[in-house]
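Try each task before reading its solution.

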Amino acid sequence: MAERLRDLSQPIDVPLLDATVAAFYGTGSKEERSAADQILQELQTNPDTWLQVVHILQNSQSLNTKFFALQVLENVIKYRWNALPVEQRDGIKNYISEVIVQLSSNEVSFRKERLYVNKLNVILVQVLKHEWPARWQSFIPDLVSAAKSSETICENCMAILKLLSEEVFDFSRGEMTQQKIKELKQSLNSEFQLIHELCLYVLSASQRTELIRATLATLHAFLSWIPLGYIFESPLLEILLKFFPIASYRNLTLQCLTEVAALQFGDFYDMQYVKMYTIFMIQLQTIIPAGTNISEAYTNGSSEEQAFIQNLALFFTSFCKSHIRVLESTPENRAALLTGLQYLISISYVDDTEVFKVCLDYWNLLVLELFEAHHSLDIPVVSVGLMGLQATLIPEVVDGLGSPLLQRRQLYSDPLSKLRTLMICRMAKPEEVLIVEDENGNIVRETMKDNDVLVQYKIMRETLIYLSHLDHEDTEQQMLKKLSKQLSGEEWSWNNLNTLCWAIGSISGSMMEEQENRFLVMVIRDLLNLCEITKGKDNKAVIASNIMYVVGQYPRFLRAHWKFLKTVVNKLFEFMHETHPGVQDMACDTFLKIVQKCKRKFVITQVGENEPFVSELLSSLPTTVSDLQPHQIHSFYESVGHMIQAESDATKRDEYLKRLMDLPNQKWAEIIGQASRSVDVLKDQDVIRAVLNILQTNTSAASSLGTYFFPQISLIFLDMLTVYRMYSELISNSIAEGGPFASKTSFVKLLRSVKRETLKLIETFVDKAEDQPHIGKQFVPPMMDPVLGDYARNLPDARESEVLSLFATIINKYKGVMMEYVPRIFEAVFQCTLEMITKNFEDYPEHRLKFFSLLRAIGTHCFQALIQLSSQQLELVMNSIIWAFRHTERNIAETGLSLLLELLKNFQVSEFCNQFYRTYYLKIEQEIFAVLTDAFHKPGFKLHVLVLQHLFCLVDSGALTEPLWDASTVPYPYPNNTMFVRDYTIKLLGSSFPNMTAAEITQFVGGLFESRNDLPTFKNHMRDFLVQSKKFSAQDNKDLYAEETAAQRERERQRMLSIPGMIAPSELQDEMVDS
């Protein structure tokens, strides 16, 4: 049977093909399906199958078979069309056109065969992309005259035109050459008159709903690109506005009008826009009367009505973005503009994310524009004048710049006030808030961050800050009024309180300090009252979460008001006993945030107090943390560490530290005491957990205390190393006895956690402590055997990667002082780690990154130690660096490349310059070109370029005094290294890119040498080469421009910093001088 189908020398057996296709789509056995699949795939790949297509289409009874045949045909048209003889091309063209006309000429067959006709239309457009305009000039006239012969043919012609427009204008990138796209666009433009006349004729003469809808859909596809005269100097707009009130055309017409509204091309047709908008508004008020609750209408509406509201949002935002200035010009227009904005505000309340996004993006643009107009005045008096004093005090500003500005501001004051209400009611949740309502209406701890909400929060926060700057009074009044309605119970609900408090928190920093103080005193007082008078655990949790969010956002206020600061912190301590999920976490997070910004306030004795707050806190510490989980206690210790660190008197500081660490130290002494009597105590799982917890508490305190943690770490350091060594032996024994699976048991995992935490504690202390070499000298020697020796002795699975990062941190911190220890470090970790990570690119990912970071630290700070390595060891180092930058894992590759750059620079100025470069120059160049031209390594582009620039600048810098080539193997004596490297590079690239001509490569290499001293030119030259060598498609080259993008982001940040409040005060990295 299969053989009969495969034999294409005679007409194919169509009933048999139908049966095969049915078997493929059918519910038969798996074997039948895969046999049918096999046959169909063979037919599809056979270059002669397409010759049978017409025969199949004429005789098949199955739609699926016809689709199969058309798919074969489509592939031929896409990839082999120009290779076919003319008569075959014409045959296909005529046949497809005839079938389309035949099927769409009467209503019954057109509706019945709709799917088939649609597919034929797609095929026809594929043919057109090759044939039209050059080889089928009469296509548009033919189509238009066919369309006039019957209404169903006309409807299908509209579908073809719509497809053609989409193919040429929307989907052409990467499918056709730029030249071909240009040619098709010009043809469509020049022939558009016929299409235009046809559309107007249909819209004015036809009564058929389907035809009119098809015509409107086609127009919608065309409006964004046709010559403007066809829109504004013809009856088109009037006709569209005439169709707008009719329910069945409403959505399509509105989409067309939106396309027109979005066009931007100067002010030539302003009057037509005003006319269009005015008529539109009159008609809209008959469809949705002004004052309708659109949000409710949306919720209860059909999908057509919902689409209408969404399209309405797009229309208003498109129109206002491009033409709002025209509407500001006369009183009548202004009234229509305000009505439109009122509609848009009403649509913004619709409970649908997509609709809201459309509105929000526009509001953000509008308030930014209004804000910038005022911000650019930058005359201090004016800003006061605009804030409340009468502007008449400064006549010269009113007559000059100020007057149109003030009028414009007046015009928008009402919509902006309503917009503030909207933003406050719909404020999105900020990242810091951990307490949310789940779908069952319960208050729970958030489990997943929702990125869409965070993006929305960012835009809403920006918009609200601009709104606040435009009128501080109104912003404050609205917020306080809403808050009082929470207290009175009139508007009390979780959602109302949340959005209000998120809005209050988000405008931090945008008011003048005095106003902010007045405002916050009322806000915090009201919130604390609300907390007192409201009953119910869930309610209290919501209020607590809001109090914490608001106070965390206003450090400036808390620093200036000790009474409030103290009340707030005590309130946080209260929340630390509240076992509702999320409340304790948020209390600890907020406490840390506040302490970081106000730490000085806690170590001085405030007016009316007997001792500093920190001392009072340390006395009651055990009770404060009694209900907290271990991770929350660690956060608490970090916070108190920040307070103690702010104390400048060393004696007091050490005393506070001793009191802070009292609980963990007692427990530690007890465990060590028991262990000295019987070492088996340390094997008890509960004891191991206690040890882990004590170490974690120490790490938290060390992270905020830095150098001042020294007395505490000295106290436990040696005991800690003893425990480390003992646990290490326990692990090794367990693995030796139980085999590789033993490393997965909970007992071994727990022991390893203790080892890791020990290393983390030392690393945290070294990293945070100030640079005091004596600390390094004191801590490193005792660790040599317990830590380094242990790493070398252990099985690969039991080696802690933290050992590598700890020594990287130590070398980065104490630099050259560590020189004498480098050989020991090298000996312990180098060979054995390389064996673990060079088997493939996947195993031991943690060890990889940390190993290269350690190597980089040694290469940067202890270069002399590298020079003293034997040539075999140095070769290992170089090979491991090459191995690093071959990784597709970005961090590892970047660490490897940065280390390579350091070494290249250091060797250039050392006495081993010639020897090193003769051994490694060509290898490095070859390897860097390999990753540079490989799309997986795009993110490393900047560093690849720097390495190559270094290599090309080096050859004639005078640093190299000997030839780079080996005279015994290179027959041709080069005059100098530059000529040799140029020649080598041309050969290297020539063999790697056979698709490029020798001339192109020689020109590229020449360009590299010419631009090597000018990095931007050198880099652009590289980019062009990568695109030209076809290694990189045009779609995604953003990584090659990463640096430029970063610079753009920095400019944006500087702009944000110039607007008060735009970067939240709690985010600013200021060392608060809060004495």
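**Exercise 1.** What percentage of the residues in the chain is buried?

*Solution.* Before starting, note that this is a predicted model, in which local features need pLDDT of at least 70, side-chain atom pairs count only at pLDDT 80 or more, and totals for chains, interfaces and linings use all residues. Residues are numbered from 1 along each chain as its sequence is written, and side-chain values use heavy atoms, leaving out hydrogens and water. Next, take the cut-off: buried means under 20% relative accessible area, exposed over 50%, and partly exposed in between (1.4 Å probe, protein chains only). By that rule, 53% of the 1075 residues in the chain are buried.

**Exercise 2.** Describe the overall build of the chain.

*Solution.* Start with secondary structure: the chain has 52 helices and 2 strands (DSSP runs numbered from the N terminus, H or I of at least four residues for helices, E of at least two for strands). Then look at the extent: along the principal axes, the C-alpha atoms fill a box of roughly 105 × 90 × 70 Å. Finally, turn to contacts, meaning heavy atoms within 4.5 Å. Of those between residues at least 6 apart in sequence, 74% join residues at least 24 apart.

**Exercise 3.** Classify the ring pair F863 and F907, and explain what the pair ties together.

*Solution.* Recall the rule first: rings of Phe, Tyr and Trp (its six-membered ring) pair if their centres lie within 6.5 Å, and planes under 30 degrees apart count as stacked, over 60 as edge-to-face and the rest as tilted. The structure holds 54 such aromatic pairs. Here the centres are 4.9 Å apart and the planes of F863 and F907 stand at 80 degrees, so the pair is edge-to-face. Now place the partners: F863 belongs to helix α44 (residues 863-867) and F907 to helix α46 (residues 890-908), so the pair ties together parts 44 residues apart in sequence. Last, check burial: F863 is buried at 9% relative accessibility, and F907 is buried at 2%.

**Exercise 4.** Which ring lies under R250, and which under R799?

*Solution.* Apply the test: NZ of Lys or CZ of Arg must be within 6 Å of the ring centre and within 35 degrees of the ring normal. R250 lies over the face of F308, 5.4 Å from the ring centre. For R799, the charged end sits over the ring of Y791, 5.6 Å from its centre.

**Exercise 5.** Is T253 buried or exposed, and what does T253 touch?

*Solution.* Locate T253 in helix α16 (residues 250-262). Its relative accessibility is 0%, so T253 counts as buried. Leaving aside residues up to four places away in sequence, T253 touches L216, L240, F243 and F244.
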